[in-house]
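Subject: Structure handover

Dear colleague,

Please find the structure below. My notes on it follow.

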Amino acid sequence: MAASGSERVAVEKCKGINGLDKVVLREPRGSTAEVYLYGAHVTSWKNDHGEELLFVSSKAIFKPPKAIRGGIPICFPQFGSHGSLEQHGFARNRFWSIDTDPPPFPTNSKSFIDLILKPSEEDMQKWPYSYEFRLRVALGTGGDLMLTSRIRNTNADGKPFTFTFAYHTYFSVSDISEVRVEGLETLDYLDNLQNKERSTEQGDALTFESEVDKIYLGTPTKIAILDHEKKRTFVLRKDGLPDAGKHDILDNLVKLEGSSKEQGSFFPLVVWNPWDKKAKTMADFGDDEYKHMLCVEAAVVEKPITLKPGEEWKGRLELSAVPSSYCSGQLDPQKVIQNS
Ligand SMILES: O=P(O)(O)OC[C@H]1O[C@H](O)[C@H](O)[C@@H](O)[C@@H]1O
């Protein structure tokens with residue numbers, strides 16, 4: 001693989017901010033992604049024009065024990081405050097290892113890295129279960145970013161465990177007040193700002209003019225995020241994807257494949273923007289940065305997953321970015337949703 005005369009390495013291990021280990025993935029057409037071993041945290045995903053698609057705060061602290069603010073934190077074994085552990089669990093502020101001998105896992109990408117997290121003795125004090133959490137981060141042809149989590153119960157004593165989870169994706173947007181999310185209207189949600197009270201979304205597309213922190217339930221097959229100013233459309237898919245390589249251009253953005261287990265749903269979507277007041281209370285977030293991000297998080301929240309020893313859960317997230325001009329210049333995500 002060569003680009004501009006220089007060799008492009010598909011997978012490069014190097015040092016990132018504060019000397020932390022990171023892996024850079026490069027796809028032949030020019031897309032890239034960066035993953036820190038700290039948190040198995042994707043901190044960058046760029047398209048073939050070199051445009052950043054994820055938001056990372058300029059104030060992000062790349063230092064334990066703080067999780068990196070932005071990118072794609074992995075929330076495990078607890079999402080949010082839905083349990084007795086620390087907010088969003090501990091996987092996002094642990095050092096993961098490169099998995100040199102991952103179990104067979106078909107892929108048609110050359111740019112991928114397998115990471116693994118196992119509990120330390122200290123973790124076992126807080127959450128007394130043995131597990132192997134394998135995360136594959138891959139860049140597909142055309143620059144799709146694919147994350148697959150495989151979580152296995154390795155308890156020797158027959159103990160099941162229960163967890164919640166999220167890919168806490170921070171999307172980069174030009175101006176939050178110009179962004180619409182379509183596909184969540186009329187759905188039920190739990191409002192984290194109202195004591196997790198259950199309500200029903202009204203009206204048309206979601207637009208943003210104040211703090212939002214909602215867990216949408218029973219989300220439809222596809223959801224679109226429209227960024228008018230950047231002329232970029234994000235579509236979130238939640239149906240099964242037998243062959244992730246065979247999607248047409250409208251099958252863009254975020255594709256989610258559910259759990260291989262029957263129980264639990266991988267598809268509540270959490271929508272979060274702290275807005276101005278909360279932004280000011282966050283040390284690792286700029287006062288005005290709320291304008292340039294939107295979290296839409298594929299999560300397991302209200303129906304946690306229980307795994308018996310030997311059982312494995314798989315949750316997959318696929319992101320791709322498409323200029324909205326590809327949608328005939330007319331942003332109609334409902335059509336995208338219905339036609340794909
Ligand atoms: O500040 P953090 O622990 O990273 O959490 C950031 C946010 O994550 C999720 O979106 C939750 O729904 C929010 O309630 C929380 O504020």
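Pro309 is found in the loop between strand 22 and strand 23 (312–319); strands are DSSP runs of E of at least two residues, numbered from the N terminus. The model is a predicted one: local features need pLDDT of at least 70, side-chain atom pairs count only at pLDDT 80 or more, and totals for chains, interfaces and linings use all residues. Residues are numbered from 1 along each chain as its sequence is written.

Pro309 is partly exposed because 16 other C-beta atoms lie within 10 Å. (Buried means 20 or more other C-beta atoms within 10 Å of the residue's own, exposed 12 or fewer, partly exposed in between, with C-beta atoms placed from the backbone.) Leaving aside neighbours within four places in sequence, Pro309 is in contact with Asn153, Asn155 and Gly158; contact means C-beta atoms, placed from the backbone, within 7 Å.

**Ligand shell**

Which residues surround the ligand? They are Gly80, Gln87, His88, Asn192, Asp213, Val270, Trp272, Cys295 and Glu297, a residue being near the ligand if its C-beta atom, placed from the backbone, lies within 6 Å. Strand 21 (269–273) and strand 22 (293–307) each supply at least two residues of this shell. By type, the shell has three nonpolar, four polar and two charged residues. Here Ala, Val, Leu, Ile, Met, Phe, Trp, Tyr, Cys and Pro count as nonpolar, Asp, Glu, Lys and Arg as charged, and the others, Gly among them, as polar.

**Annotated positions**

The unreviewed UniProt entry places the feature "binding site" at Arg69, Gln87 and Arg92. These positions are spread over 24 residues of sequence but cluster in space, the largest C-alpha distance being 13.6 Å. Such annotations may be inferred rather than shown by experiment.

Arg69, in the loop between strand 6 (41–46) and strand 7 (74–75), is buried, with 22 other C-beta atoms within 10 Å. Gln87, in the loop between strand 7 and strand 8 (97–98), is partly exposed, with 14 C-beta neighbours inside 10 Å.

**Nonpolar core**

The largest nonpolar core has 84 residues, and those with the most contacts inside it are Leu54, Val137, Phe171, Ile225 and Val271. Strand 22 gives the most to this core, with ten residues. A core is a set of buried Ala, Val, Leu, Ile, Met, Phe, Trp, Tyr and Cys residues joined through C-beta atoms within 7 Å.

Regards

Key:
Helices (H or I, at least four residues) and strands (E, at least two) are DSSP runs, numbered from the N terminus. Two residues are in contact if their C-beta atoms, placed from the backbone, lie within 7 Å.
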